[in-house]
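Reader: I would like a close look at a single part of this model. Please keep it plain and define the terms as you go.

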Amino acid sequence: MIDIHAHILPGVDDGPKHWSETLQLCQIASEVGISTMVATPHFIPGAYTRGVREGARLLKELEKGLEEEDIDLEVFLAAEIEPFPEMIQWIEGDRLPLYPSRKHILIEAPMFSLPPWLEELLGDITASGLIPILAHPERSPMASTSLPGELVSTGGEIQLDAGSLLGFWGREAQKWAWKMVNNGWVSYVASDSHRAGIRDPRLLERARKALVKEVGENLARDLTEGNPLKVITP
Ligand SMILES: [Fe+2]
């Protein structure tokens, strides 16, 4: 599997605090059959910015740690970006990290409110030639709006959290997650790992099994391997 959304860099957001936990998360990932992980530290202007400022250096350190600990995992760097009004100018100025494809950008679905400018921003991003991947809309108030469906019909993509499919985020998020899968709107399922033992890569393994059972082997593979491969391929 290829996990395109994970908070594994230490001390940059609400993910692991220390290298020991980072490596533990990577070890778990490797054990459950994840070959590749994209570190996606939060980028929230005024709150979390270190993951973007220091991400490249931390990724190098991580690669060294994986080699030393003999953990078989390939890692890349992107970011989970909280939408903000000037975002399109930042994208045009090449100030925000994209996925290795250089075509995809991960945008956090707002968890508590829906900014009135969000739909326009997503349209502007698509118009700029990028593909916005909306992270976990099933956990957002937007789940009950027309926004997820419209995003997909206008060239955007949706990433669900593995935990949502399993009920980790409650029945409501679980209901929306499966509805989006069954509507054919979902391109990716990712672990959104934060902490070993609580929110870790095992969620993705369990979600994959649930997907195989509910929607079949082929779609389960597309959502956790085939589509993610396009995001990490330049
Ligand atoms: Fe996240």
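Which residues in helix 9 meet which residues in helix 10?

Author: First, the ground rules. This is a predicted model, in which local features need pLDDT of at least 70 and side-chain atom pairs count only at pLDDT 80 or more, while totals for chains, interfaces and linings use all residues. Residues are numbered from 1 along each chain as its sequence is written.

Leu-204, Arg-208, Leu-211, Val-212 and Val-215 of helix 9 meet Glu-217, Leu-219, Ala-220, Leu-223 and Thr-224 of helix 10. Two residues are in contact if their C-beta atoms, placed from the backbone, lie within 7 Å. Helices (H or I, at least four residues) and strands (E, at least two) are DSSP runs, numbered from the N terminus. By class, this contact has seven nonpolar, one polar and two charged residues. Here Ala, Val, Leu, Ile, Met, Phe, Trp, Tyr, Cys and Pro count as nonpolar, Asp, Glu, Lys and Arg as charged, and the others, Gly among them, as polar.

The axes of helix 9 (residues 202–215) and helix 10 come within 7 Å and cross at roughly 145°. Axes are lines fitted to C-alpha atoms, for helices over the stretch in contact, and angles run from 0 to 180 degrees between N-to-C directions. The crossing of helix 9 and helix 10 is right-handed; that is, the near helix is turned clockwise from the far one by less than a right angle.

An open sheet of three strands has the order 1-2-4, with parallel pairing; two strands pair if DSSP finds at least two bridges between them. Strand 1 (2–6) and strand 4 (74–77) are its edges, each with a single partner strand, so one side of each has no neighbour in the sheet. From one strand to the next, the twist averages 20°. Three bridges join strand 1 to strand 2 (residues 36–39) in the parallel sense, and Ile-2 has Thr-36 in strand 2 as its bridge partner. Helix 10 lies across strand 1, strand 2 and strand 4, at about 65° to strand 1.

A second open sheet has six strands in the order 3-5-6-7-8-9, again with parallel pairing. Its edge strands are strand 3 (42–43) and strand 9 (186–190), each pairing on one side only. Helix 10 (residues 217–232) packs on this sheet as well, touching strand 6 (104–108) and strand 9, and its direction makes about 100° with that of strand 9.
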